[in-house]
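Visitor: I've got a chain on my screen and would like a quick tour. Could you take me through it?

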Amino acid sequence: MTHAPFLFSLLFFIVFIIYLFFGIHIINMNPKSALNRLFLLLCISLSFWAFGFAMANSAPDMDTCLFWRRFSAIGWATVYSLLLHFLLLLTDNKLVESNFLFTIYIPAIISLYA
């Protein structure tokens, strides 16, 4: 069972590639659409998360593991704000047009700073 971390790293790396593929594929369909650009940002955020975990799982020591876990925080700290923004845009909610939209990114900014 000593190969389990490498197996999980491989799975996370495959997921990282899939997220990037989906994001690039959707943005190539219509690069000017705000919904497609936001989906690309969402896929990039998930890619940071998956790549950071892939590297952290196979890290040789604790310092390297902590570095990659902090790197993955770029993804998991921003993904929920981006997902909420994406869903609001997808459902044509009136909050997208207002100045209230900035407030959904405040928790992500605080998480990234912390």
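Predicted model: local features only at pLDDT ≥ 70, side-chain atom pairs only at ≥ 80, totals over all residues.

Visitor: What is the order of the elements from the N terminus on?

Guide: The secondary structure comes to four helices and zero strands. Reading from the N terminus on, the order is therefore α-α-α-α.

Visitor: Which helix do the buried residues of helix 1 pack against?

Guide: Helix 1 covers residues 4–29. With 26 residues, helix 1 reaches 38 Å from its first C-alpha to its last, close to the 38 Å expected at 1.5 Å a residue. Its buried residues are A4, S9, F16, G23 and I27, and what they pack against is helix 2.

Visitor: What is the area of the nonpolar surface patch with I18 in it?

Guide: I18 sits in helix 1 and counts as partly exposed because its relative accessibility is 40%, between the 20% and 50% cut-offs. I18 makes the patch together with L7, F8, L10, L11, I14, F21 and F22. The patch has an area of about 780 Å².

Visitor: Which helices do the buried residues of helix 3 pack against?

Guide: The buried residues of helix 3 include W68, S72, G75, V79, L82 and F86. On the general point, an α-helix has 3.6 residues a turn, so residues three or four places apart point the same way. The buried residues of helix 3 pack against helix 2 (34–57) and helix 4 (106–113).

Visitor: Is H85 buried or exposed?

Guide: H85 is found in helix 3. Leaving aside neighbours within four places in sequence, H85 is in contact with L38, L101, I104 and Y105. Its relative accessibility is 14%, under the 20% cut-off, so H85 counts as buried.

Visitor: And H3, buried or exposed?

Guide: H3 lies in the segment before helix 1. H3 and F100 are 97 residues apart in sequence and 48 Å apart in space, C-alpha to C-alpha. At 61% relative accessibility, over the 50% cut-off, H3 therefore counts as exposed.

Visitor: How far apart in space are H25 and L40, C-alpha to C-alpha?

Guide: H25 lies in helix 1. H25 is partly exposed, because its relative accessible area is 40%. H25 and L40 are 15 residues apart in sequence, and in space their C-alpha atoms are apart by 9.0 Å.

Visitor: Which residue follows helix 3 with a positive phi?

Guide: Helix 3 covers residues 62–90. The phi in question is near 55°, and the residue that has it is D92.

Terms used
Residues numbered from 1 in each chain as written. Heavy atoms only, no water. Patch = residues over 30% accessible without salt bridge, like charges linked within 9 Å, V, L, I, M, F, W, Y side chains within 5 Å. Areas by Shrake-Rupley, 256 points an atom, 1.4 Å probe, with all protein chains shown as cover. Salt bridge = Lys/Arg side-chain N within 4 Å of Asp/Glu carboxyl O. Helix = DSSP H or I, 4+ residues; strand = E, 2+ residues; numbered from the N terminus. Buried < 20%, exposed > 50% of the residue type's maximum accessible area, 1.4 Å probe, protein only. Expected span 1.5 Å × (residues − 1). Contact = heavy atoms within 4.5 Å.
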